Amino acid sequence: MAEGFKTSTKIQMVDLANQHKSYQSELDAAVQNVLSHAAFINGPEVKTFAQNLAEYLDIKHVVPCANGTDALQIALMSLHLQKGDEVITTSFNYVAAAEAAALLGLKPVFAEIEKDSFNLDVSKLENVITPKTKAIVAVHLFGQACDMEKIMLIAKKYNLYVIEDNAQSLGCEILFNGYKRKAGTIGHLGTTSFFPTKNLGGLGDGGAIFTHDDALSEKCRSIASHGQGIRYEFKQVGVNSRLDTLQAAILNIKLRYLEDSLQKRGHWACRYFELLHGIPQITLPHTAAHSSHTYNQFTLQWHGIDRDALKQHLNEAGIPTMVYYPKPLHLQPAFANLGYVEGDFPVSENACKNVISLPIHPTLQEEQVQYIAHAIQSFCAK
């Protein structure tokens, strides 16, 4: 327990209610405006949000859609890949990228991650490229980006498409060819999710696709609207995937506060670093030289301790934790047909056994962070 330390407020993994309080009046006004004009589908706020997000990211096109998984599926559909084509992604990851590929009859091919960043290990990427490989989905995990400079060089060498899954790292900056670029804007396509817990989260589901390519933008926009070009003229088989006007109105407000939110996340991450530094059982989050870190998650690696006992210790102290992710995708029943076995990706498998994520969000308080740190220190000192 965290003897000697107290916190006067309940600690939450994510505290959206408090986060919204500082601009609640703006959110209320935005919602009321949508209720007044009643254009609930493809209302003016959707176009405005797409333009505002494109300006923030410094990218030519943003295509809003219903959620982050749809964004990945639509991005893959826009490339007109053939059944059986291979799409590389990582196994230590949420299921969305591999799921989207499998649903389209493509073959997910898993690749190993870096031990420190949890992102794609580019040094091993070429080992899994075959003549059937057509695309790489580079997942920017936990708040920082993959090494896009190296990934794009390999993609060019093998004539591959690159999709950046930026669901957890919106606002992250990448050093690319000597210049800073926003994550999600370097590959042929980028995608994101506006799930409420993301860096930029709505009050429900939402997603978007990014690209500099005019033709890919037109394809994605058509696919997301049943494959239509002009109304009732269907160029291709598509899907029905729209960002609701109400969500767009909310996201327009929250986008104004995104940089402030990221700065606060960074502040609390720094406090964790200061308070947890030097504990031998802990490896603190790593920030790669080519990327900033937006700390969508603050994920530690543990050594020589029982993670379940730690979780129980923290839970009894009123401290929530999460394990992202407890089982790698290559060992999931959904992908058993791919033939992977335990030991194929030891770094990914080890991460699943040893990671744990602490609460991190813009409205954390100093007393809460100190309380969490002391609870961890007391457990590790046993």
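This report walks through the overall build of the chain and then its nonpolar cores.

The model is a predicted one. Its chain folds into 12 helices and 12 strands. With 382 residues, a compact globule would have a radius of gyration near 21 Å, and the chain agrees because its own value is 21 Å.

| Property of the chain | Value |
|---|---|
| Span of the C-alpha trace along the principal axes | about 70 × 55 × 40 Å |
| Accessible surface | about 16,800 Å² |
| Distance between the centres of positive and negative side chains | 2 Å |

Carbon and sulfur atoms hold 52% of the accessible surface. As for charge, the chain carries 33 positive and 38 negative side chains. Buried residues account for 56% of the 382.

Now to the interior. In soluble globular proteins, nonpolar side chains tend to be buried together. Here the largest nonpolar core has 37 residues, and the members touching the most others are Leu 76, Val 87, Phe 92, Phe 118, Ile 163, Leu 189 and Ile 209. At least two residues each come from β1 (61-65), α4 (68-78), α5 (96-103), β4 (133-139), α7 (214-223) and α11 (346-354). Helix α4 gives the largest share, 6 residues.

Another core, of 28 residues, lies apart from the largest one and includes Leu 300, Leu 314, Ala 317 and Ile 356.

Note on methods:
Residues numbered from 1 in each chain as written. Predicted model: local features only at pLDDT ≥ 70, side-chain atom pairs only at ≥ 80, totals over all residues. Heavy atoms only, no water. Helix = DSSP H or I, 4+ residues; strand = E, 2+ residues; numbered from the N terminus. Rg over C-alpha atoms; globule rule 2.2 N^0.38 Å. Buried < 20%, exposed > 50% of the residue type's maximum accessible area, 1.4 Å probe, protein only. Areas by Shrake-Rupley, 256 points an atom, 1.4 Å probe, with all protein chains shown as cover. Lys, Arg positive; Asp, Glu negative; His and termini not counted. Charge placed at Lys NZ, Arg CZ, Asp CG, Glu CD. Core = buried A, V, L, I, M, F, W, Y, C linked by side-chain atoms within 4.5 Å.
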